[in-house]
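Biologist: I would like to learn how to read a few features of a model. Please start with the backbone and then move on.

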Amino acid sequence: MFEGLSERLSGILGGLTRRGKLSDQDVQNALREVRRALLEADVALEVVRSFTDRVRERAVGAEVVKSVTPGQMVVKIVNDALVEMLGAEAETINLNATPPVPILMVGLQGSGKTTTTAKIARRLKERDKKRVLMASLDTRRPAAMEQLAVLGGQVEVDTLPIVTGQSAPQIARRAMEAGRLGGYDVVMLDTAGRVTVDEALMDEAAEVARTVDAHEVLLVADALTGQDAVNTARAFDERMGLTGIVLTRMDGDSRGGAALSMRAVTGKPIKLIGTGEKVDALEEFHPSRVANRILG
Ligand code: GDP
């Protein structure tokens, strides 16, 4: 995670800390390199711009340059600006509603949505001691419904029995009813995915969100798709109001563009990240820890 970017930034900032004294010009030069490194990591241009403006405002000027350890002060300023860019505080799934709490999972096909649904269900069961029911709403792909049932068996979380011939909102209603009758705390609804963002996909997910009055609407997006993931998030958010993002395949993401841009562009928090194929490969997203990881 973030290896490429981390290496670049440590090189640039390490160069600053090794020098005893710094001029404003040194800081400006380093900032120009930081800007280039962020762009190469596929961070959105607008985000890079506001980030470097913020750092420049704080780092260029008498105080930093005159201090005893100017390099370290610049590193601290960069660190703080990164944390702010990532949303400052970690946010988790909100279950603060009358049970069963409906959580809607949306996203493109192949993003890792079904796997992530099972990972979250497992986490809620193990860590939060919640009773969870999962249901697949993918009426066009019976294999997706089967996949969720298999994953349910693996993580030992119940899945709604499959009934053919029902529409997605009908299945969602049936899941909520089963959730109420069965005394479940959470009902996770895995909506259908498609290869690209299209109207039918949006319409269906938005209708389900309204039908169950979804408490969380989580977009699952593939970190490796960089700015496409951010654009997908923006499209879904405009249509149905996301409450958070889960970024998958962070284990293979050495650049970090999606993770670093998501919050600043969409205003929505990354609530969890997928870090592998296994059902326990799911972690919280802590802005300060991420910044530490990037800056070494
Ligand atoms: P869906 O079409 O969006 O439901 O995607 P799936 O849940 O079927 O996942 C597609 C593939 O991505 C599967 O092989 C998953 O094991 C894999 N996958 C999901 N999340 C992650 C992740 O965080 N890291 C890695 N390396 N693979 C993942």
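Modeller: Pro 100 is found in the loop between α5 (70-85) and β1 (101-107). Helices (H or I, at least four residues) and strands (E, at least two) are DSSP runs, numbered from the N terminus. This is a predicted model, where local features need pLDDT of at least 70, side-chain atom pairs count only at pLDDT 80 or more, and totals for chains, interfaces and linings use all residues. Residues are numbered from 1 along each chain as its sequence is written, and side-chain values use heavy atoms, with hydrogens and water left out.

Biologist: Which residues does a cis peptide bond join?

Modeller: Pro 99 and Pro 100, with omega about -5°. The loop between α5 and β1 also holds Ala 88, which has a positive phi of about 70° although it is not a glycine.

Biologist: At what angle do helix α6 and helix α7 pack?

Modeller: Axes are lines fitted to C-alpha atoms, for helices over the stretch in contact, and angles run from 0 to 180 degrees between N-to-C directions. Angles under 35 degrees count as roughly parallel, over 145 as roughly antiparallel, 65 to 115 as roughly perpendicular and the rest as oblique. Here α6 (residues 113-126) and α7 (residues 142-155) pack at about 30°, with axes 10 Å apart. The two helices are therefore roughly parallel to each other.

Biologist: Which polar contacts (pairs of N or O atoms within 3.5 Å) involve the ligand?

Modeller: Among them, a backbone N or O atom of Gly 112 lies 2.9 Å from a ligand oxygen atom. In the side chain of Asp 251, an N or O atom is 2.7 Å from a nitrogen atom of the ligand.

Notes:
A polar contact is a pair of N or O atoms within 3.5 Å; within protein, one must be able to donate a hydrogen and the other to accept it, and residues adjacent in sequence count only if both atoms are side-chain atoms.
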